[in-house]
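Q: I would like to learn how to read the main features of a structure. Where do we start?

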Amino acid sequence: IDYFYMSMFLNTLTPKFYVALTGTSSLISGLILIFEWWYFRKYGTSFIEQVSVSHLRPLLGGVDNSSPNSSSSSSSNGDADSSRQSVSECKVWRNPLNLFRGAEYNRYTWVTGREPLTYYDMNLSAQDHQTFFTCDSDHLRPADAIMQKAWRERNPQARITAAHEALDLEDCATAYILLAEEEATTIVEAEKLFKQALKIGESCYRRSQQLQHHGAQYEAQHRRDTNVLVYIKRRLAMCSRKLGRTREAVKMMRDKFPLLSMFKYYISLPKSATICYTAALLKARAVSDKFSPEAASRRGLSTAEMNAVEAIHRAVEFNPHVPKYLLEMKSLILPPEHILKRGDSEAIAYTFFHLQHWKRVEGALNLLHCTWEGTFRMIPYPLEKGHLFYPYPVCTETADRELLPMFHEVSVYPKKELPFFILFTAGLCSFTAMLALLTHQFPELMGVFAKAFLSTLFAPLNFIMEKVESILPSSLWHQLTRI
């Protein structure tokens with residue numbers, strides 16, 4: 001292209017063309033930015049980056065195909081190990097201190113209009129109820145057959161109606177359990193229903209205990225009656241605790257029978273946040289009332305203070321979401337019926353019941369506030385390597401989003417940095433929007449700048465073309481330009 005024709009082309013461009021060009025560029029980059037941000041918020045990664053890694057890298061030879069046998073075997077073993085680890089780390093546990101639906105969760109919904117439980121959480125509870133409260137011989141008793149269908153029912157009102165139908169036929173412990181959990185609007189009402197369920201449950205347990213060795217059917221009935229009795233006593237202890245009768249609740253939990261089933265189904269939470277943070281609170285209690293960060297920086301930490309700080313660091317490494325709830329830096333919601341170990345759901349469940357204990361110990365929250373962030377200096381890459389525990393699982397955010405309601409902002413650890421393409425599109429959108437605004441306000445001046453910029457941009461190309469024209473014969477160059 002001759003320089004003369006280039007100059008003529010640039011001179012024919014009007015300011016309206018530059019306004020349209022910059023405005024269209026700003027609009028397109030803005031749409032890309034909005035889509036990238038939405039995709040990052042939903043899936044935690046950049047769409048452009050994911051497409052580049054998934055589709056462009058194999059086309060550009062990013063996959064190493066050398067030594068296929070060894071690489072395939074090692075990768076398959078690695079995938080198997082990682083899958084087993086992710087399954088164990090992301091196992092969802094039933095919250096042993098879950099609230100009552102009728103007396104607590106539903107009251108929250110009546111007041112706020114928000115649903116505190118997700119469908120995924122309630123579906124897991126339905127599966128637990130079917131496992132604990134039903135057996136293969138339920139069809140032999142009409143009431144148990146009705147309750148077997150009731151536990152599978154999704155509609156809460158239909159479940160309550162079915163429980164009343166079962167009680168019209170005969171006394172049924174599981175029917176009283178359902179009414180205590182979902183129909184009772186106060187803890188006192190729930191406690192009365194659970195006491196009625198306890199009388200029936202103890203009678204069924206004694207009867208099935210005598211027949212448990214007469215066959216597999218009777219053994220299944222005894223296992224079901226054991227689960228029912230354990231559940232009733234545990235919930236009665238919860239009622240006593242909520243009504244302020246703490247000693248009675250402790251005695252009921254100690255005397256509960258059989259202990260083996262209790263620990264197997266309800267309480268077993270290995271390496272839980274409750275264990276780690278309770279241990280930290282007990283050690284902090286000995287030094288927190290006299291702890292001062294200024295004095296500690298001058299004289300150093302004593303042995304007891306060092307033990308307390310190490311216990312806090314251990315607890316924070318296990319579940320880094322808890323401190324912000326204990327320090328009331330993040331709003332607290334009702335705990336879900338299931339929790340994820342080391343996740344945000346476990347942090348909410350722990351803080352909901354134990355924040356009062358930290359407040360009762362003078363200076364405990366101050367000690368936590370001064371020391372908890374030091375944990376992250378010991379584990380700068382928590383997803384790759386841990387300090388006292390295994391590396392932090394990468395699956396907690398996804399599982400917690402299923403367990404926690406939509407109106408709650410799920411705590412994410414470690415914080416994800418914004419991808420490069422989001423920052424790039426944000427800068428591009430801002431720059432083109434500014435150019436569009438300046439072109440609209442000062443069309444003549446921006447037209448001069450645009451022509452000067454394009455002339456400078458094409459200057460090296462014109463220089464090369466002139467050199468080529470001077471080197472090549474004119475006849476050959478004429479034929480090339482015609483082509």
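A: Start with surface. Accessible areas come from the Shrake-Rupley method with a 1.4 Å probe; for residues, only the protein chains shown count as cover. Here the chain exposes about 28400 Å², and carbon and sulfur atoms supply 60% of that area. The model is predicted: local features need pLDDT of at least 70, side-chain atom pairs count only at pLDDT 80 or more, and totals for chains, interfaces and linings use all residues. Residues are numbered from 1 along each chain as its sequence is written, and side-chain values use heavy atoms, with hydrogens and water left out.

Q: What share of the 483 residues counts as buried?
A: Buried means under 20% relative accessible area (exposed is over 50%, partly exposed in between; 1.4 Å probe, protein chains only). In this chain the share is 41%.

Q: How many helices and strands are there?
A: Both are DSSP runs, numbered from the N terminus: helices are H or I with at least four residues, strands E with at least two. The chain has 24 helices and two strands.

Q: How is a helix pair described?
A: By the angle between the axes and the distance between them. Axes are lines fitted to C-alpha atoms, for helices over the stretch in contact (heavy atoms within 4.5 Å). Angles run from 0 to 180 degrees between N-to-C directions. Take helix 10 (residues 187-211) and helix 11 (residues 216-242): their axes come within 8 Å and cross at roughly 155°. That makes helix 10 roughly antiparallel to helix 11, a term for angles over 145 degrees.

Q: How many residues of helix 9 are buried?
A: Helix 9 (residues 173-182) has 10 of its 10 residues buried. Among them are Tyr 176, Ile 177 and Glu 181. They pack against helices including helix 5 (101-112), helix 10 and helix 11.

How values were computed. Angles under 35 degrees count as roughly parallel, over 145 as roughly antiparallel, 65 to 115 as roughly perpendicular and the rest as oblique.
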